[in-house]
Amino acid sequence: MSRVWTLGALGLGVILLTGCQPVASPLMGIIFNDTKYGYIATTNTAAPKEGKACAQTILGLVATGDASISAAKAAGGITEVAHIDYSAHSILGVVADFCTIVKGT
């Protein structure tokens with residue numbers, strides 16, 4: 001009986017630890033995180049178009065999405081990149097998303 005309890009406690013511990021899923025960000029907010037930050041800028045100053053691509057996670061157990069630069073370029077119909085930004089959102093580490101934002105022509 002104690003072996004079953006130990007395995008159950010271990011499983012619960014793993015779930016609780018993965019529930020605090022951090023998302024890539026220059027700042028860490030354990031309760032709430034809503035940040036946006038720049039990554040790459042080019043000499044191309046024209047940026048009339050914007051494309052965004054995101055990936056999400058739930059409890060750090062399931063993660064889906066395509067937050068690649070290629071996906072963001074396709075979403076905005078961009079062929080020449082002016083700059084790339086990222087955004088991160090997380091609530092209590094339960095749900096989180098990470099987005100790539102590409103601007104260009």
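Thr 35 sits in strand β1, where strands (E, at least two residues) and helices (H or I, at least four) are DSSP runs numbered from the N terminus. With a relative accessibility of 13%, Thr 35 counts as buried; buried means under 20% relative accessible area, exposed over 50%, and partly exposed in between, with a 1.4 Å probe and protein chains only. Its side chain makes a polar contact of 3.3 Å with the side chain of Asn 33. A polar contact is a pair of N or O atoms within 3.5 Å; within protein, one must be able to donate a hydrogen and the other to accept it, and residues adjacent in sequence count only if both atoms are side-chain atoms.

The model is predicted, so local features need pLDDT of at least 70 and side-chain atom pairs count only at pLDDT 80 or more, while totals for chains, interfaces and linings use all residues. Residues are numbered from 1 along each chain as its sequence is written, and side-chain values use heavy atoms, with hydrogens and water left out.

**Fold**

The chain contains two helices and five strands, and from the N terminus the elements run α-β-β-β-α-β-β. Of its 105 residues, 27% count as buried. Among contacts between residues at least 6 apart in sequence, 67% join residues at least 24 apart; contact means heavy atoms within 4.5 Å.

The five strands form an open sheet with antiparallel pairing, in the order β1-β4-β5-β2-β3. Two strands pair if DSSP finds at least two bridges between them. At the edges are β1 (32–41) and β3 (62–65), each of which pairs on one side only. From one strand to the next, the twist averages 15°. Helix α2 (residues 69–76) packs on this sheet and touches β2 (49–58), β4 and β5 (95–104). The direction of α2 makes about 130° with that of β2; axes are lines fitted to C-alpha atoms, for helices over the stretch in contact, and angles run from 0 to 180 degrees between N-to-C directions.

Strand β1 and strand β4 (residues 81–91) pair in the antiparallel sense over nine bridges. In this pairing, Gly 38 stands opposite Asp 85 in β4.

**Core and salt bridge**

The largest nonpolar core has eight residues: Ala 53, Ala 67, Ala 72, Ile 78, Ile 84, Tyr 86, Phe 98 and Val 102. Such a core is a set of buried Ala, Val, Leu, Ile, Met, Phe, Trp, Tyr and Cys residues joined through side-chain atoms within 4.5 Å. Strands β4 and β5 are the elements that give two or more residues to this core. Leaving aside residues up to four places away in sequence, Val 102 touches several residues, among them Ala 72, Ile 78 and Ile 84, and also Lys 49 and Glu 50.

The structure holds one salt bridge, that is, a side-chain nitrogen of Lys or Arg within 4 Å of a carboxyl oxygen of Asp or Glu. Its partners are Glu 50 and Lys 103, at 3.4 Å from N to O. Because Glu 50 lies in strand β2 and Lys 103 in strand β5, the pair ties together parts that are 53 residues apart in sequence. Glu 50 is partly exposed, with a relative accessible area of 46%, and Lys 103 is also partly exposed, at 22%.

Ile 31 belongs to the loop between α1 (2–19) and β1. Apart from residues up to four places away in sequence, Ile 31 touches Ser 90, Ile 91 and Leu 92. Leu 92 itself lies in the loop between β4 and β5, and its phi is near 55°, a positive value in a residue other than glycine. Leu 59, in the loop between β2 and β3, likewise has a positive phi near 55°. Most residues other than glycine have a negative phi.

Asp 97 is part of strand β5.

| Residue | Relative accessible area | Class |
|---|---|---|
| Ile 31 | 62% | exposed |
| Leu 59 | 30% | partly exposed |
| Leu 92 | 51% | exposed |
| Asp 97 | 23% | partly exposed |

Ile 31 and Ser 90, 59 residues apart in sequence, are 7.9 Å apart in space. Asp 97 and Asp 34 are 63 residues apart along the chain, with their C-alpha atoms separated by 9.7 Å.
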